[in-house]
Amino acid sequence: ACTITNNDVRPRLTVTKVVVNNDGGTKAISAFPLFVDAGGVTSGAQNSFAAGLHTVSETGQAGYNATISGDCAANGQVTLAPGDAKACTITNNDIRPKLTVTKVVINDDGGSATISAWSLFVDATQVTSGVQNGFAAGSHVVSESGLTGYSATFSGDCNSQGQVSLAPGDVKACTITNNDVRPRLTVTKVVVNDDGGTKVVADFPLFVDTTGVTSGVQNGFAAGLHRVSETGQAGYSLAITGDCDAAGNVTLASGDVKACTLTNNDIRPRLTVVKMVVNNTGGTAVGQAAQLCVD
(Lines give C-alpha, C1' and ligand atoms only; values in the text may rest on other atoms or scores of the structure.)
Protein backbone atom coordinates (compact mmCIF):
# COMPACT_ATOMS: atom_id res chain seq x y z
CA ALA A 1 0.00 0.00 0.00
CA CYS A 2 1.20 3.51 -0.79
CA THR A 3 -0.09 6.79 0.64
CA ILE A 4 0.48 10.23 -0.83
CA THR A 5 -0.15 12.98 1.71
CA ASN A 6 -0.52 16.58 0.52
CA ASN A 7 -0.12 19.23 3.24
CA ASP A 8 -0.90 22.87 2.43
CA VAL A 9 2.24 24.97 2.58
CA ARG A 10 1.93 27.89 4.97
CA PRO A 11 2.10 31.17 2.96
CA ARG A 12 4.94 33.56 3.66
CA LEU A 13 4.86 37.33 3.69
CA THR A 14 7.68 39.89 3.97
CA VAL A 15 6.85 43.47 5.01
CA THR A 16 9.57 46.03 4.36
CA LYS A 17 9.72 49.57 5.67
CA VAL A 18 11.38 52.36 3.61
CA VAL A 19 11.82 55.88 5.04
CA VAL A 20 12.63 58.79 2.73
CA ASN A 21 14.00 61.94 4.42
CA ASN A 22 14.46 64.34 1.51
CA ASP A 23 12.86 67.39 3.12
CA GLY A 24 14.68 67.57 6.43
CA GLY A 25 12.97 64.69 8.25
CA THR A 26 15.02 62.60 10.67
CA LYS A 27 12.81 59.58 11.43
CA ALA A 28 14.30 56.09 11.12
CA ILE A 29 12.69 52.72 10.30
CA SER A 30 12.32 51.95 13.99
CA ALA A 31 9.96 54.93 14.37
CA PHE A 32 7.31 53.09 12.30
CA PRO A 33 6.29 49.75 13.96
CA LEU A 34 4.88 47.30 11.40
CA PHE A 35 1.95 44.91 11.73
CA VAL A 36 0.22 42.12 9.87
CA ASP A 37 -3.28 42.13 11.26
CA ALA A 38 -2.61 42.70 14.98
CA GLY A 39 0.79 41.02 15.08
CA GLY A 40 3.99 43.03 15.01
CA VAL A 41 6.58 42.12 12.38
CA THR A 42 10.14 43.18 11.64
CA SER A 43 10.99 45.09 8.50
CA GLY A 44 12.53 42.80 5.87
CA ALA A 45 11.86 39.59 7.82
CA GLN A 46 9.82 36.82 6.17
CA ASN A 47 6.96 35.51 8.26
CA SER A 48 4.39 32.79 7.69
CA PHE A 49 0.65 33.26 8.03
CA ALA A 50 -2.47 31.27 7.45
CA ALA A 51 -3.94 31.43 4.00
CA GLY A 52 -6.57 34.12 3.59
CA LEU A 53 -7.01 37.87 3.70
CA HIS A 54 -4.60 39.90 5.81
CA THR A 55 -3.98 43.58 6.44
CA VAL A 56 -0.53 45.16 6.59
CA SER A 57 -0.30 48.38 8.61
CA GLU A 58 2.02 50.56 10.66
CA THR A 59 2.13 53.06 13.51
CA GLY A 60 2.64 56.24 11.50
CA GLN A 61 4.41 59.47 12.35
CA ALA A 62 3.11 63.00 11.89
CA GLY A 63 4.74 64.77 8.97
CA TYR A 64 5.17 61.63 6.87
CA ASN A 65 2.89 60.27 4.18
CA ALA A 66 2.67 56.51 3.64
CA THR A 67 2.30 54.55 0.40
CA ILE A 68 1.92 50.77 0.24
CA SER A 69 3.22 48.85 -2.75
CA GLY A 70 4.18 45.35 -3.80
CA ASP A 71 1.65 42.53 -3.33
CA CYS A 72 -0.49 44.65 -1.00
CA ALA A 73 -3.31 46.89 -2.15
CA ALA A 74 -3.16 50.61 -1.38
CA ASN A 75 -5.07 49.98 1.85
CA GLY A 76 -2.61 47.28 2.94
CA GLN A 77 -4.77 44.24 2.22
CA VAL A 78 -3.18 41.12 0.78
CA THR A 79 -4.65 37.66 0.09
CA LEU A 80 -2.35 34.71 0.78
CA ALA A 81 -2.90 31.31 -0.80
CA PRO A 82 -1.12 28.11 0.33
CA GLY A 83 2.49 28.20 -0.80
CA ASP A 84 2.52 31.93 -1.55
CA ALA A 85 5.66 33.97 -0.89
CA LYS A 86 4.58 37.59 -1.12
CA ALA A 87 6.08 40.92 -0.17
CA CYS A 88 4.70 44.36 0.67
CA THR A 89 6.56 47.65 1.12
CA ILE A 90 5.41 50.64 3.14
CA THR A 91 7.27 53.80 2.13
CA ASN A 92 7.14 56.81 4.43
CA ASN A 93 8.24 60.10 2.89
CA ASP A 94 8.71 63.24 5.00
CA ILE A 95 6.25 65.94 3.93
CA ARG A 96 7.90 69.20 2.91
CA PRO A 97 6.91 71.91 5.45
CA LYS A 98 5.13 75.00 4.16
CA LEU A 99 5.58 78.56 5.32
CA THR A 100 3.71 81.75 4.42
CA VAL A 101 5.30 85.14 5.09
CA THR A 102 2.92 88.10 5.02
CA LYS A 103 3.83 91.80 5.00
CA VAL A 104 1.57 94.37 6.72
CA VAL A 105 2.26 98.14 6.45
CA ILE A 106 0.75 100.70 8.84
CA ASN A 107 0.87 104.36 7.80
CA ASP A 108 -0.62 106.20 10.78
CA ASP A 109 2.04 108.93 11.06
CA GLY A 110 2.13 110.28 7.55
CA GLY A 111 4.05 107.46 5.86
CA SER A 112 3.00 106.41 2.36
CA ALA A 113 4.98 103.22 1.72
CA THR A 114 3.31 100.10 0.33
CA ILE A 115 4.15 96.41 0.66
CA SER A 116 6.29 96.56 -2.49
CA ALA A 117 8.80 98.83 -0.70
CA TRP A 118 10.21 95.77 1.10
CA SER A 119 11.70 92.50 -0.13
CA LEU A 120 10.93 89.44 2.00
CA PHE A 121 13.26 86.52 2.59
CA VAL A 122 13.33 83.10 4.20
CA ASP A 123 17.02 82.58 4.82
CA ALA A 124 18.49 83.72 1.47
CA THR A 125 15.39 82.86 -0.58
CA GLN A 126 13.18 85.76 -1.63
CA VAL A 127 9.46 85.15 -1.15
CA THR A 128 6.25 86.98 -2.02
CA SER A 129 3.95 88.33 0.67
CA GLY A 130 1.01 86.01 1.32
CA VAL A 131 2.31 83.17 -0.88
CA GLN A 132 2.87 79.73 0.67
CA ASN A 133 6.27 78.16 -0.03
CA GLY A 134 7.86 74.84 0.83
CA PHE A 135 11.12 74.59 2.81
CA ALA A 136 13.16 71.78 4.27
CA ALA A 137 12.48 70.91 7.88
CA GLY A 138 14.72 72.70 10.36
CA SER A 139 15.37 76.21 11.65
CA HIS A 140 14.84 79.18 9.32
CA VAL A 141 15.07 82.96 9.58
CA VAL A 142 12.48 85.29 8.08
CA SER A 143 13.79 88.77 7.24
CA GLU A 144 13.25 91.78 5.01
CA SER A 145 15.13 94.57 3.28
CA GLY A 146 13.94 97.92 2.02
CA LEU A 147 12.60 101.21 3.27
CA THR A 148 13.88 102.81 6.48
CA GLY A 149 11.77 104.94 8.81
CA TYR A 150 9.49 102.04 9.73
CA SER A 151 9.66 99.79 12.80
CA ALA A 152 9.29 96.05 12.18
CA THR A 153 7.64 93.49 14.45
CA PHE A 154 7.28 89.74 13.90
CA SER A 155 4.21 87.75 14.83
CA GLY A 156 2.62 84.40 14.09
CA ASP A 157 4.87 81.34 14.21
CA CYS A 158 8.10 83.41 14.11
CA ASN A 159 9.75 84.70 17.26
CA SER A 160 10.70 88.35 17.69
CA GLN A 161 13.91 87.81 15.66
CA GLY A 162 12.10 86.15 12.76
CA GLN A 163 13.23 82.62 13.64
CA VAL A 164 10.89 79.72 12.93
CA SER A 165 11.36 75.96 13.27
CA LEU A 166 9.69 73.75 10.67
CA ALA A 167 9.03 70.04 11.19
CA PRO A 168 7.95 67.66 8.42
CA GLY A 169 4.32 68.34 7.51
CA ASP A 170 4.16 71.73 9.24
CA VAL A 171 2.03 74.50 7.76
CA LYS A 172 3.13 77.73 9.45
CA ALA A 173 2.80 81.46 8.89
CA CYS A 174 4.75 84.55 9.96
CA THR A 175 3.75 88.20 9.65
CA ILE A 176 6.11 91.19 9.50
CA THR A 177 4.33 94.42 10.40
CA ASN A 178 6.04 97.69 9.44
CA ASN A 179 4.71 100.79 11.20
CA ASP A 180 5.86 104.23 10.08
CA VAL A 181 7.96 105.83 12.84
CA ARG A 182 6.66 109.26 13.85
CA PRO A 183 9.24 111.88 12.79
CA ARG A 184 10.75 114.05 15.53
CA LEU A 185 11.68 117.71 15.33
CA THR A 186 13.49 119.94 17.80
CA VAL A 187 13.15 123.71 17.50
CA THR A 188 15.73 125.75 19.42
CA LYS A 189 15.66 129.48 20.12
CA VAL A 190 18.91 131.46 20.43
CA VAL A 191 18.87 135.17 21.43
CA VAL A 192 21.95 137.32 20.86
CA ASN A 193 22.09 140.60 22.77
CA ASP A 194 25.37 142.15 21.63
CA ASP A 195 24.03 145.62 20.91
CA GLY A 196 22.18 146.46 24.09
CA GLY A 197 19.08 144.28 23.66
CA THR A 198 17.50 142.68 26.72
CA LYS A 199 15.06 140.13 25.30
CA VAL A 200 15.24 136.49 26.39
CA VAL A 201 14.17 133.16 24.83
CA ALA A 202 10.75 133.35 26.49
CA ASP A 203 9.99 136.55 24.58
CA PHE A 204 9.91 134.64 21.29
CA PRO A 205 7.15 131.96 21.33
CA LEU A 206 7.91 129.13 18.89
CA PHE A 207 5.56 127.21 16.61
CA VAL A 208 5.52 124.24 14.27
CA ASP A 209 2.62 125.02 11.98
CA THR A 210 0.07 126.23 14.56
CA THR A 211 1.36 124.10 17.43
CA GLY A 212 3.33 125.88 20.12
CA VAL A 213 6.60 124.16 21.06
CA THR A 214 9.25 124.69 23.71
CA SER A 215 12.80 125.62 22.77
CA GLY A 216 15.11 122.60 22.79
CA VAL A 217 12.35 120.03 23.33
CA GLN A 218 11.93 117.23 20.80
CA ASN A 219 8.38 116.69 19.52
CA GLY A 220 6.75 114.20 17.16
CA PHE A 221 4.90 115.28 14.03
CA ALA A 222 3.30 113.47 11.11
CA ALA A 223 5.48 112.98 8.06
CA GLY A 224 5.17 115.75 5.49
CA LEU A 225 5.90 119.45 5.04
CA HIS A 226 5.88 121.69 8.15
CA ARG A 227 6.69 125.32 8.86
CA VAL A 228 8.62 126.51 11.88
CA SER A 229 7.94 130.09 13.01
CA GLU A 230 7.95 132.44 15.99
CA THR A 231 6.29 135.46 17.45
CA GLY A 232 9.03 137.98 16.75
CA GLN A 233 10.08 141.10 18.58
CA ALA A 234 10.79 144.52 17.08
CA GLY A 235 14.46 145.38 17.00
CA TYR A 236 15.66 141.82 16.43
CA SER A 237 16.64 140.13 13.18
CA LEU A 238 15.78 136.47 12.57
CA ALA A 239 17.91 133.77 10.96
CA ILE A 240 16.69 130.16 10.60
CA THR A 241 19.27 127.39 10.28
CA GLY A 242 19.58 123.63 10.63
CA ASP A 243 17.19 121.35 8.76
CA CYS A 244 14.78 124.20 8.03
CA ASP A 245 15.18 126.45 5.03
CA ALA A 246 15.43 130.23 5.43
CA ALA A 247 11.62 130.51 5.51
CA GLY A 248 11.29 127.85 8.21
CA ASN A 249 10.03 125.07 5.95
CA VAL A 250 11.09 121.51 6.78
CA THR A 251 10.02 118.18 5.27
CA LEU A 252 9.81 115.24 7.66
CA ALA A 253 9.90 111.65 6.46
CA SER A 254 9.04 108.60 8.54
CA GLY A 255 11.74 108.02 11.14
CA ASP A 256 13.40 111.42 10.67
CA VAL A 257 15.06 113.16 13.61
CA LYS A 258 15.61 116.78 12.59
CA ALA A 259 16.39 120.10 14.25
CA CYS A 260 15.95 123.77 13.40
CA THR A 261 17.41 126.81 15.15
CA LEU A 262 15.91 130.30 15.17
CA THR A 263 18.48 132.95 16.09
CA ASN A 264 17.32 136.44 17.05
CA ASN A 265 20.01 139.12 17.11
CA ASP A 266 19.36 142.60 18.48
CA ILE A 267 19.77 145.15 15.73
CA ARG A 268 22.35 147.88 16.43
CA PRO A 269 20.53 151.25 16.77
CA ARG A 270 21.45 153.97 14.28
CA LEU A 271 21.57 157.73 14.84
CA THR A 272 21.88 160.49 12.26
CA VAL A 273 23.06 163.97 13.41
CA VAL A 274 22.47 166.84 11.00
CA LYS A 275 24.34 170.17 11.31
CA MET A 276 22.52 173.38 10.22
CA VAL A 277 24.45 176.69 9.98
CA VAL A 278 22.50 179.92 9.67
CA ASN A 279 24.50 182.99 8.47
CA ASN A 280 21.87 185.73 8.50
CA THR A 281 23.87 188.45 10.30
CA GLY A 282 27.16 188.36 8.45
CA GLY A 283 28.65 185.04 9.69
CA THR A 284 30.64 182.96 7.24
CA ALA A 285 31.08 179.60 9.00
CA VAL A 286 30.06 176.41 7.23
CA GLY A 287 29.04 173.02 8.60
CA GLN A 288 32.44 171.43 8.06
CA ALA A 289 33.99 173.88 10.49
CA ALA A 290 31.92 172.63 13.44
CA GLN A 291 32.82 169.58 15.56
CA LEU A 292 29.91 167.23 16.37
CA CYS A 293 29.82 164.77 19.31
CA VAL A 294 27.44 162.01 20.46
CA ASP A 295 27.84 161.44 24.22
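**Disulfides in a predicted model**

Cysteine 2 has 81% relative accessibility, so cysteine 2 counts as exposed (over 50% relative accessible area; buried is under 20%, partly exposed in between; 1.4 Å probe, protein chains only). This is a predicted model: local features need pLDDT of at least 70, side-chain atom pairs count only at pLDDT 80 or more, and totals for chains, interfaces and linings use all residues. Residues are numbered from 1 along each chain as its sequence is written, and side-chain values use heavy atoms, with hydrogens and water left out.

**Overall pattern**
- Three disulfides are present (pairs of cysteine sulfur atoms within 2.5 Å).
- Counting bonded cysteines along the protein chain, the pattern is 1-2, 3-4, 5-6.

**Cysteine 72 and cysteine 88**
- Their sulfur atoms lie 2.0 Å apart.
- The link is right-handed, with 90° about the S-S bond.
- Distant parts of the chain are linked, 16 residues apart: cysteine 72 sits in the loop between strand S6 (64–70) and strand S7 (77–80), cysteine 88 in strand S8 (residues 85–94).
- Strands (E, at least two residues) and helices (H or I, at least four) are DSSP runs, numbered from the N terminus.
- Cysteine 72 and cysteine 88 are both buried.

**Cysteine 158 and cysteine 174**
- The sulfur atoms of this disulfide are 2.1 Å apart.
- The S-S torsion is about 90°, so the disulfide is right-handed.
- Cysteine 158 counts as buried at 7% relative accessibility; cysteine 174 does so at 0%.

**Cysteine 244 and cysteine 260**
- The S to S distance is 2.0 Å.
- A torsion of about 85° about the S-S bond makes this disulfide right-handed.
- Both cysteine 244 and cysteine 260 are buried.
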